[in-house]
Amino acid sequence: MGAIMAGPRILFYVQHLLGIGHLARASRIASALARARSDVTLVTGGTQVTGFPASDVKNIALPPVVASKGFAGLAQPDGTPVDEAFLARRRDMLLAIFERLQPDIVVVEAFPFGRRQMRFELLPLLDAIKARTVKPLVATSIRDIVQKRVKPGRNEETVDLVKAHFDLVLVHGDERFAKLDETFPLATSIADRIVYTGLVAGPKPVAAVESFDVLVSVGGGAAGRNLVDAAVEAARNDRAQRKWALIAGPNLPRANFEIAQRNAPPHLSIYSFRNDFPSLLTGARLSVSQAGYNTVCDLLRAGCRALLVPFAADGETEQTERAKKLEALGLASIIPEEGLNAETLGTAINQALSRPSPPANALDLDGARKTAEILLAK
């Protein structure tokens with residue numbers, strides 16, 4: 001009986017700064033690669049998040065950083081600004097990991113379409129890869145809808161970096177729903193590298209063990225304080241006393257979480273995190289959430305009626321773009337984040353509950369497995 005051939009060695013880099021969406025998507029792809037018998041190592045640069053990556057994926061954690069000054073700066077999790085010595089230590093660690101792993105494939109999540117804050121370590125990594133006599137395949141792993149760039153030259157710089165360093169641009173979306181050139185106008189100049197993988201959704205959830213009339217979720221929680229406050233007050237104002245749940249997110253400051261708990265009426269249950277969130281969606285009459293990539297994938301899996309509050313602070317456009325596309329397909333309603341309060345949220349919830357359940361959607365949600373197939377076929 002012949003020996004089982006080991007799969008390719010893969011270094012997969014991901015940096016989450018505010019929410020957990022980037023990490024969740026990368027973790028699901030890494031798990032699919034591990035199931036396909038590749039030797040994958042996920043290198044993470046953010047705070048630890050329960051459940052990501054899964055236990056089937058090797059993980060090396062760099063000293064964590066989070067977003068500061070909006071998305072313009074970096075800080076340590078306790079708020080201490082990073083200095084040059086800290087950044088140099090991270091850069092050297094990442095380069096040492098690359099040298100030790102000797103990967104056949106390198107996947108960089110978001111960059112150069114995003115995560116410009118990480119240039120201090122990613123550009124040296126890409127230079128180290130380019131200096132190799134036998135070079136690994138290099139892919140960038142991006143959402144289907146990217147943040148629109150308004151500063152002159154940014155899109156051109158992204159194209160130059162892709163052409164210089166990347167063999168593949170893995171777009172994790174269904175081309176029928178969103179094409180990259182809708183949010184990245186120079187996509188045609190790198191069309192030879194672009195591959196659509198389908199949306200990277202989690203597995204089909206099991207049926208819910210409990211049901212709620214209104215299920216409010218705030219992703220990681222760091223950017224959802226207004227939604228948390230509005231949801232608690234809207235539940236207090238709900239004369240029908242429907243059954244509510246609020247998942248405030250693990251990154252919501254503890255003080256804000258405790259205030260929400262104190263102010264919650266009896267018919268509102270509040271949680272910091274629920275690992276069965278995808279299952280809860282299958283039993284909810286209405287989901288109220290932001291419009292992040294992973295939350296939307298969970299909504300599409302569950303076929304749940306949805307009210308979306310797109311995150312739009314600091315010039316962010318991605319969630320608004322996604323929410324509008326879903327609304328156009330009849331898969332969600334939208335309430336703007338600006339001006340959100342208990343009254344506007346309560347009215348929007350009542351309107352959304354009066355609408356019929358969303359139509360069945362035919363979007364491709366098998367992106368994790370297909371991404372693994374694409375990479376391992378190269």
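View 1. Packing here rests on contact, meaning heavy atoms within 4.5 Å. The model is predicted: local features need pLDDT of at least 70, side-chain atom pairs count only at pLDDT 80 or more, and totals for chains, interfaces and linings use all residues. Residues are numbered from 1 along each chain as its sequence is written, and side-chain values use heavy atoms, leaving out hydrogens and water. Helices (H or I, at least four residues) and strands (E, at least two) are DSSP runs, numbered from the N terminus.

View 2. Buried means under 20% relative accessible area, with a 1.4 Å probe and protein chains only.

**View 3. Strand S1 (9–14) pairs with S2 and with S6**. Five of the six residues of S1 are buried. S1 runs parallel to strand S2 (39–44), over six bridges. Four bridges join S1 to S6, also in parallel. Two strands pair if DSSP finds at least two bridges between them. Tyr 13 stands opposite Val 43 in S2 and opposite Val 108 in S6.

**View 4. Six strands form an open, parallel sheet**. The order is S12-S11-S10-S13-S14-S15. At the edges are strand S12 (268–271) and strand S15 (333–334), each pairing on one side only. Helix H5 (225–236) packs on the sheet, where it touches strand S10 (214–217), S11, S12 and strand S13 (286–289). Four parallel bridges join strand S11 (244–247) to S12. Ala 245 has Ser 269 of S12 as its bridge partner.

**View 5. Leu 326 sits in the largest nonpolar core, of 54 residues**. A nonpolar core is a set of buried Ala, Val, Leu, Ile, Met, Phe, Trp, Tyr and Cys residues joined through side-chain atoms within 4.5 Å. Phe 12, Leu 33, Leu 42, Leu 215, Leu 300, Leu 326 and Leu 375 touch the most other members. Beyond neighbours within four places in sequence, Leu 326 contacts Phe 177, Val 296, Leu 300, Leu 308, Leu 331 and Ala 332. Another core, of 38 residues, lies apart; Leu 62, Val 82, Ile 129 and Ile 194 are among them.

Definitions and conventions: Axes fitted to C-alpha atoms, helices over the stretch in contact; angles between N-to-C directions. Buried < 20%, exposed > 50% of the residue type's maximum accessible area, 1.4 Å probe, protein only.
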